[in-house]
Amino acid sequence: MRGVPATSIVSSPYMLTRQSLRPISTVRLPSDKYQKYATRYWDIFYKRHHNKFFKDRHYLEKEWAHCFSTNVDSTNHSSPKVVLEVGCGAGNTIFPLLNAFPNLFIHACDFSPNAISLVKSHEDFREDQVNAFVCDLTNGELCERVAPSSVDVVTLIFTLSAVSPEKMPLVLQNLKKVLKPSGHVLFRDYAIGDFAQEKLIDKNQMISENFGVRGDGTCAFYFSEYFLSSLFAREGYKTAEINTYCKEIVNRSRNIVMNRRWMRAIFCNQDPLDTQYASMLKPRC
Ligand SMILES: C[S@@+](CC[C@H](N)C(=O)[O-])C[C@H]1O[C@@H](n2cnc3c(N)ncnc32)[C@H](O)[C@@H]1O
């Protein structure tokens, strides 16, 4: 891997909040500081972009509709599915999902208070359908807000990439506590070789293998199928489906071709009695 410095140059979060929302200067921060200040960087991101940065994500209802249909038990009693949208941002996954499946109940969390305010001020927000709250997924807060074993579907959409690889296991452990034994995780995120990763490499903004920092201080990890399925397996999930997708996007005005690459996967909560396979993988951690 080319250009992997111990430190990178980005804007200080303090400078951004005290003065203006535009970076006024740059400082060198040790690479672990990006995770230490991650909440602040993302919070500034939403203060700056509001809900204008990400487009609504309509692929969930198209690609995974079967995962959101109502539960029916052996006595023919039906109950709506409970979803947890992890790192919900401004709600670009939540509101298209609710539109397509009005019976869902969605817990939505993010560590950025600005993001949660945007969700709560969305015109389609209803308290009886969405439980939106501030929570850092890398500590134990999630279990204080969501009942154990109560969630049918976790949506992890371009969120795990924002977490450093060292802390990813903590996120998966917290999700496992709230997932039903029959629950699963729907995953979509950046793949190795994505255009944006190439740009970070060219600009010397990689802080560890496949983990880089953008100009605004937010981080992005680029996954391989092997890395992702091993990570989930070690934490007691089974890979039901995993694929890498590529799309060539031509920007004629800037005269560039962008190879966008992303991963799509489904992980099932694994029966705790069936953990031998996972524990065999532990030493690779
Ligand atoms: C690229 S956005 C994805 C937003 C959303 N899932 C969507 O579909 O548009 C990544 C989100 O993850 C959140 N995030 C990153 N690390 C987090 C953490 N440790 N705990 C909670 N949220 C986190 C960020 O604040 C940001 O809103």
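Predicted model: local features only at pLDDT ≥ 70, side-chain atom pairs only at ≥ 80, totals over all residues.

Trainee: How many residues surround the ligand?

Mentor: The ligand is surrounded by 20 residues, each with a heavy atom within 4 Å of the ligand. The closest are Tyr46, Arg57, Gly87, Thr93 and Asp110. The shell divides into 10 nonpolar, 6 polar and 4 charged residues. Here Ala, Val, Leu, Ile, Met, Phe, Trp, Tyr, Cys and Pro count as nonpolar, Asp, Glu, Lys and Arg as charged, and the others, Gly among them, as polar.

Trainee: Which polar atom of Asp136 lies 3.0 Å from a ligand nitrogen, backbone or side-chain?

Mentor: It is a side-chain atom of Asp136. A backbone N or O atom of Ile157 also lies 3.0 Å from a nitrogen atom of the ligand, and a polar backbone atom of Phe111 is 3.2 Å from a ligand nitrogen. The protein covers 98% of the 600 Å² of accessible area that the ligand has on its own (Shrake-Rupley method, 1.4 Å probe).

Trainee: What does the side chain of Thr138 contact?

Mentor: The side chain of Thr138 makes a polar contact with the side chain of Asp136, at 2.8 Å. Such a contact is a pair of N or O atoms within 3.5 Å; within protein, one must be able to donate a hydrogen and the other to accept it, and residues adjacent in sequence count only if both atoms are side-chain atoms.

Trainee: Is Thr138 buried or exposed?

Mentor: Thr138 counts as buried because its relative accessibility is 18%, and buried means under 20%, exposed over 50%, and partly exposed in between. Thr39, by contrast, is partly exposed at 28%.

Trainee: Where is Thr39?

Mentor: Thr39 is in helix 3, residues 38-49; helices are DSSP runs of H or I with at least four residues, and strands are runs of E with at least two, numbered from the N terminus.

Trainee: Changing topic, what is the order of the open sheet of 3 strands?

Mentor: The order is 10-11-12, with antiparallel pairing; two strands pair if DSSP finds at least two bridges between them. Strands 11 and 12 pair over 3 bridges, and Phe211 stands opposite Phe221 in strand 12.

Key: Residues numbered from 1 in each chain as written. Heavy atoms only, no water. Buried < 20%, exposed > 50% of the residue type's maximum accessible area, 1.4 Å probe, protein only.
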